[in-house]
Amino acid sequence: MEAAILNCSPHQQQHQAVIIDPIHSISSRPSTARIQPAFLFLPKTHFPKQFSRLSASSSFSSSFLGSRIREQPSKAPRRASSRDLCCSRAETAVDSISARAETVVDSKPTILVAEKLGEAGLKVLRTLANVDCSYDLTQEELCTKISLCDALIVRSGTKVTRQVFESSRGRLKVVGRAGVGIDNVDLHAATEYGCLVVNAPTANTVAAAEHGIALLAAMARNVPQADASMKQGKWQRNKYVGVSLVGKTLAVMGFGKVGSEVARRAKGLGMHVIAHDPYAAADRARAVGVDLVSFDGAISAADFISLHMPLTPTTDKVFNDVSFGKMKKGVRIINVARGGVIDEEALVRALDSGIVAQAALDVFTKEPPVDNKLVQHEKVIVTPHLGASTIEAQEGVAIEIAEAVAGALMGELSATAVNAPMVSAEVLSELAPYVSLAESLGRLAVQLVAGVSGVKSVKVIYASARAADDLDTRLLRAMITKGIIEPISDTIVNLVNADFIAKQRGLRIIEEKVPHDGSPQEPLESIQVQLAHVESKFASALSEGGDIIVEGKVKDGIPHLTKVGAYSVDVSLEGSLILCRQVDQPGMIGKVGSILGSQNVNVNFMSVGRTAPRRRAIMAIGVDDEPTKETLQRIGEVPAIEEFVYLKF
């Protein structure tokens with residue numbers, strides 16, 4: 001048996017060491033600490049083909065083997081007047097890129113900047129490449145120019161379509177998006193053509209947090225309304241009496257980068273801060289002086305609620321009539337995250353009824369908003385999505401994207417990459433069904449998690465007849481990480497950034513390879529995913545040690561779930577799944593099947609695993625259609641069913 005833990009020391013001489021730079025967490029002041037570099041040991045034979053081809057480019061030469069995988073450099077927050085720090089960082093970036101370029105690049109590549117980029121970023125790029133700043137290009141003009149370029153940098157206004165990649169004739173190696181969203185870039189085409197896509201997701205963190213605090217204070221003291229009143233020649237001191245922040249409870253909904261920065265600043269204003277984020281580490285929150293609580297606990301206790309959660313299927317309109325009904329009367333809400341997390345019509349009703357005293361909104365479901373009642377509401381202050389709009393943030397984005405693009409052109413992998421580099425056709429073909437299995441197991445496991453402690457440790461056990469060094473699990477590990485993280489965030493996880501994202505979220509992944517008697521022709525017999533020391537929505541999924549356990553294997557090319565907790569099952573991981581723990585007795589399959597059939601829910605697979613006859617059993621039911629809440633409630637009301645859970649893949 002061989003165990004391999006991320007960031008462990010080498011155990012195989014034939015493995016290639018790849019240095020990963022340390023990640024610095026964002027704090028309220030620049031950090032001078034430096035963590036020692038960690039190491040990943042990856043088989044030499046499985047580095048992405050994309051970068052093998054990249055190193056042979058006529059524009060430049062570099063060796064990907066042994067080159068550094070670049071993680072996001074430390075981004076210390078900058079105050080609004082700290083342009084000198086931006087300049088200092090730009091100079092540091094220029095020096096760093098220049099030093100590496102001298103040893104890597106034989107001839108200068110060409111970078112096309114298609115939308116305005118800060119001068120600090122351009123300065124970084126010019127140390128490595130010939131920079132062509134051509135703005136407001138039509139699609140035809142862009143396609144004509146791109147065949148002469150090795151890299152392209154855009155904002156949100158330029159569409160990087162499949163036609164652009166086709167027109168590049170294989171020369172385009174990296175596309176940089178100066179900002180977070182990548183909706184304007186065809187990621188599938190980029191990956192198909194071996195082009196890395198990178199973005200700049202962290203430079204605006206402090207700016208967004210500061211804007212949230214600005215809205216908080218402005219709303220509490222009626223600043224916009226009082227300003228408008230005075231400009232009309234009025235003097236209405238009694239009308240605009242506000243509320244104090246000291247001693248009030250602020251609920252931060254989403255304790256990621258921006259949420260944690262808002263919490264730090266609110267603590268400085270004398271507020272009591274609580275937070276809800278089921279996947280945040282409790283010790284990380286405690287370090288800021290914040291208590292993690294449940295969703296209902298947060299919204300029911302808060303005087304102010306600040307939203308910093310991603311827009312996912314789970315959070316879409318999560319603030320609705322039901323959640324507003326659980327809040328204190330007179331609560332105040334700030335949103336600088338995503339407009340879609342609030343049901344805007346429900347918020348209007350809550351404002352009109354007095355449940356919500358005021359709201360401060362920087363984002364909307366549709367932008368720019370058209371005929372939106374909230375914009376005109378007297379109890380609402382609004383701004384046109386200004387969260388990232390500071391001079392420092394814009395310069396930070398320019399530097400961040402310039403560093404990522406320059407590094408990629410030198411054969412380095414950036415942790416801000418949003419598409420996976422190409423894996424060899426042989427490896428991809430062999431692992432294809434297991435890739436699907438790995439992601440499905442991750443998605444299934446995280447949906448079983450309950451409580452507020454979050455997932456901190458994951459153990460993956462691979463059973464295989466192959467020697468440990470003949471099994472490349474990087475892609476499988478990445479897909480398990482993807483399955484665990486993507487359902488509860490807006491982060492895109494792939495082979496490039498999976499380990500970085502896991503470490504960033506405090507997720508420790510341990511891989512263990514155990515021998516299995518079988519043919520080495522098959523890469524794997526089974527994959528087991530364990531989430532350590534967590535609460536579960538489905539108690540039967542827990543081991544005696546308190547870990548959620550799910551296991552699966554591939555049968556005839558189709559991923560199957562074969563184990564949940566201590567129970568053996570056999571159900572294909574297609575569509576959705578209902579798990580029921582029941583008293584083992586005749587007629588149970590018929591009862592549940594009849595309930596689903598009466599609601600036109602098609603069952604594609606059913607399996608029952610039990611500990612002993614007439615004792616307890618788990619029934620796993622694969623369904624093609626999503627059952628209604630009423631249908632699931634009817635299943636739960638069957639007397640012999642002790643617990644059940646509905647899961648999506």
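This is a predicted model: local features need pLDDT of at least 70, side-chain atom pairs count only at pLDDT 80 or more; totals for chains, interfaces and linings use all residues.

A polar contact is a pair of N or O atoms within 3.5 Å; within protein, one of them must be able to donate a hydrogen and the other to accept it. Asp 362 belongs to the loop that runs between strand 15 (356-361) and helix 14 (373-376). The side chain of Asp 362 makes such a polar contact with the side chain of His 211, at 3.4 Å. A polar atom of the Asp 362 side chain also lies 3.0 Å from the backbone nitrogen of Gly 387.

Apart from neighbours within four places in sequence, the residues in contact with Asp 362 include Leu 215, Asn 335, Val 336, Glu 367 and Thr 383.

Elsewhere, charged side chains do pair, and the whole structure contains 22 salt bridges. One of them joins Lys 145 to Asp 132, with the closest N and O atoms 2.8 Å apart. This pair links distant parts of the chain, since Lys 145 is in helix 4 (residues 139-146) and Asp 132 in strand 6 (residues 130-133), 13 residues apart. Lys 145 is partly exposed, at 27% relative accessibility, and Asp 132 is likewise partly exposed, at 24%.

A further salt bridge lies within a helix. Glu 261 and Arg 264 form a salt bridge whose closest N and O atoms are 2.9 Å apart. Both residues belong to helix 9 (residues 257-268), and because they are three residues apart, about one helical turn separates them. Glu 261 is buried, with a relative accessible area of 0%, whereas Arg 264 is partly exposed at 28%.

Asp 296 and Lys 326 form another salt bridge, their closest N and O atoms being 3.2 Å apart. Asp 296 lies in helix 11 (residues 295-301) and Lys 326 in the loop between helix 12 (321-325) and strand 14 (331-335), so the pair ties together parts 30 residues apart in sequence. Both count as partly exposed, Asp 296 at 37% and Lys 326 at 38%. Salt bridges with shared partners also join Glu 439, Arg 443, Lys 482 and Glu 486 into one network.

Finally, the structure holds zero disulfides.

Methods. Residues are numbered from 1 along each chain as its sequence is written. Side-chain values use heavy atoms; hydrogens and water are left out. Helices (H or I, at least four residues) and strands (E, at least two) are DSSP runs, numbered from the N terminus. Contact means heavy atoms within 4.5 Å. A disulfide is a pair of cysteine sulfur atoms within 2.5 Å. A salt bridge is a side-chain nitrogen of Lys or Arg within 4 Å of a carboxyl oxygen of Asp or Glu. Buried means under 20% relative accessible area, exposed over 50%, partly exposed in between (1.4 Å probe, protein chains only).
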